[in-house]
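User: Hi, I'm new to reading structures and could use a hand with this one. Can we go through it bit by bit?

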Amino acid sequence: MAQKMLKFVSLDREMPQKRAAPERAHDFGEIYREFAAAKAAEQASRCSQCGVPFCQTHCPLHNNIPDWLKLTAEGRLREAYELSQATNTFPEICGRICPQDRLCEGNCVIEQSGHGTVTIGAVEKYLTDTAWAEGWVTPIAPAVERPESVGIIGAGPAGMAAADRLRRMGLQVTVYDRYDRAGGLMTYGIPGFKLEKDIVMRRNAQLEAAGVKIVHDCNVGETVPFAELRDSHDAVLIATGVYKSRDIGGPGAGLSGIVQAIDYLTASNRKSFGDAVAAFDSGELDASGKRVVVIGGGDTAMDCVRTAVRQGATSVKCLYRRDRTNMPGSMREVANAEEEGVEFVWLTAPKGFTGEGTVTGVRAAKMRLGPPDSTGRQAPEPVPGSDYTEPCDLAIKALGFEPEELVRLWGVEGLEVTRWGTVKANFRTHETSLPGVYAAGDIVRGASLVVWAIRDGREAADAIAGRLNAAAQVAAE
Ligand SMILES: Cc1cc2nc3c(=O)[nH]c(=O)nc-3n(C[C@H](O)[C@H](O)[C@H](O)COP(=O)(O)OP(=O)(O)OC[C@H]3O[C@@H](n4cnc5c(N)ncnc54)[C@H](O)[C@@H]3O)c2cc1C
Ligand code: SF4
């Protein structure tokens, strides 16, 4: 494999179909793999090994990027993969969906010198996809079985990264999730065109094969009390993410055809699994043949506009109250959306909706950027007399997420939360105000990224193991 890769190292300027294809049906996959290998090696060899690895510093997992790029360039793919997975539980997932332009690639020295970044994420994805294909991803096989058990609430990246690490140490792990499939937002939030669902399901299956017990359709606080989990496990990790959608009020807010982004994206993802989804099948959550307006400027809004394009919307507009420069979403995603025909309506804020029974438009006001607020960002203010109506048949609200009120919902006393409702946890050990209870991912950070959830989950797992090790040592003395 490695030798083949070096042989075709300059193939990137040659389209794969130009190569001789005597046994076409059989050969195309092989040619594609060689082409992909050549691209990965070519990109990896662009790394200047600058000695100031800002890419590594700005990767939340501090992946040893320069070294695995070097190994890739030398064709030592298995070693490159081993190094990349040593710090990342799901490298093929991060390679696909990290906003690299804000993390590793945005800090690549070559990028900063104006020569275009090394495509680090694409190489990371390629390495792990190759590792799965070649059978280098070995089953999780703990060297010893330990009696202590850990209960994890939430099967998103934080919970699953912790489960992986704890199980490798031989601990008994049970993950409770209110959904019917594990993966959290990787399964039901992020669209399949960014993260193919079989990639996530493969990781879920790997964990289950290793003995991680996943209890589906279990809404902690409802199906089972939180206190019961504390009693039945030696430690508990809260990794429930943030799901309370921010809303828009104003006239017409109750009209049909106005939906929350998470409902819209979940329905679309469920359809891709072949599930029956009544609200999609009735047309309520289907953008096909509709004029769609998405309200919001973050990555969730980008996922909505791009999903609507794929569903066959007649037009897709994105309303955002600031301008392009001040948009929270990834610039790469904005560029992708624009390429796909999405129109961005900058400096525009919703004030309500028009329609009778069903929405026919978003009532909006044009904005301008005023003086900076306390955060240093220019605050948008309405331009007087600029109100107008943006026509639509489907309005999707993508204004971000807040934590659910866990303390009230779970009836748990002594669990401290911040004024934003996120769970207070030590930033290194992830322990909460309740002894033996840890928290990781979005429920601590607020809406964030998969890569940060993985980091938190790994760190929390190490802290939990440390606590259980200490307890076992005391018991043995
Ligand atoms: C639409 C969308 C697109 C995104 N795109 C990207 C992207 O491209 N790249 C990126 O890095 N990040 C992206 N993110 C952010 C990323 O998905 C999250 O930061 C990450 O998933 C957080 O991980 P988590 O494990 O903390 O929570 P989650 O992934 O939200 O998982 C939490 C899990 O807990 C379960 N749960 C909640 N409450 C309970 C309960 N009471 N009982 C049992 N189970 C419960 C939920 O069912 C869920 O499975 C996106 C987010 C959204 C909404
Ligand atoms: S995990 Fe994300 S930030 Fe880190 S190297 Fe991979 S793509 Fe870049």
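User: Is A80 buried or exposed?

Analyst: Keep in mind that this is a predicted model. A80 lies in helix α5. Its relative accessible area is 0%, and buried means under 20%. So A80 is buried.

User: How far apart in space are A80 and S48, C-alpha to C-alpha?

Analyst: Along the sequence, A80 and S48 are 32 residues apart. In space, C-alpha to C-alpha, the distance between A80 and S48 is 17 Å.

User: What about R76: where does R76 lie, and how far in space is R76 from A41?

Analyst: R76 lies in the loop between α4 (65-73) and α5 (77-87). With a relative accessible area of 37%, R76 falls between the 20% and 50% cut-offs, so R76 counts as partly exposed. R76 and A41 are 35 residues apart in sequence. C-alpha to C-alpha, R76 and A41 are separated in space by 10 Å.

User: Which residues are buried in α4, and which residue just after α4 takes a positive phi?

Analyst: Let's take the helix, then what follows. In α4, the buried residues are I65, P66, W68, L69, L71 and T72. Just after α4 comes a positive phi of about 80°, and the residue that takes it is G75.

User: Why would anyone point out the phi of H62?

Analyst: H62 sits in the loop between α3 (54-58) and α4, and at 41% relative accessibility H62 counts as partly exposed. H62 is a residue other than glycine, and its phi is positive, near 50°.

User: And L347: where is L347, and what is its phi?

Analyst: You'll find L347 in the loop between β9 (343-345) and β10 (348-356). L347 has a relative accessible area of 23%, so L347 is partly exposed. L347 is another residue other than glycine with a positive phi, and the value is near 50°.

User: How many aromatic pairs are there, and which kind is the pair of Y179 and Y188?

Analyst: The structure holds five aromatic pairs. In the pair of Y179 and Y188, the ring centres are 5.4 Å apart and the planes make an angle of 85°. Planes over 60 degrees apart count as edge-to-face, so the pair of Y179 and Y188 is edge-to-face.

User: Which kind is the pair of F344 and W346?

Analyst: The centres of F344 and W346 are 5.0 Å apart, with 10° between the planes. Both F344 and W346 are buried. Planes under 30 degrees apart count as stacked, so F344 and W346 are stacked.

User: Which residues form one aromatic cluster, and which residue lies over the face of F273?

Analyst: The cluster is made up of Y179, Y188, Y243 and F273. Within it, Y179 is partly exposed at 22% relative accessibility, while Y188 is buried at 2%. At 3.9 Å from the ring centre of F273, the residue over its face is R181.

User: Now for ligand 2: which residues come nearest?

Analyst: The space taken by ligand 2 is the largest cavity. The shell around ligand 2 divides into nine nonpolar, three polar and one charged residue. Of the 13 residues around ligand 2, the nearest are C59, C98, Q100, C104 and E124.

Definitions and conventions:
Residues are numbered from 1 along each chain as its sequence is written. Chains are lettered from A and ligands numbered from 1 in the order in which they are written. This is a predicted model: local features need pLDDT of at least 70, side-chain atom pairs count only at pLDDT 80 or more; totals for chains, interfaces and linings use all residues. Side-chain values use heavy atoms; hydrogens and water are left out. A residue is near a molecule or strand if one of its heavy atoms lies within 4 Å of it. On a 1 Å grid over the protein atoms alone, a cavity is a set of points where a 1.4 Å probe fits but cannot get out, and a pocket is an open set with protein on both sides within 12 Å along at least five of seven lines; lining residues have an atom within 4 Å of a point. A molecule sits in a cavity or pocket if more than half of its atoms lie within 2 Å of its grid points. Ala, Val, Leu, Ile, Met, Phe, Trp, Tyr, Cys and Pro count as nonpolar, Asp, Glu, Lys and Arg as charged, and the others, Gly among them, as polar. Rings of Phe, Tyr and Trp (its six-membered ring) pair if their centres lie within 6.5 Å; planes under 30 degrees apart count as stacked, over 60 as edge-to-face and the rest as tilted. Buried means under 20% relative accessible area, exposed over 50%, partly exposed in between (1.4 Å probe, protein chains only). A charge sits over a ring if NZ of Lys or CZ of Arg is within 6 Å of the ring centre and within 35 degrees of the ring normal. Helices (H or I, at least four residues) and strands (E, at least two) are DSSP runs, numbered from the N terminus.
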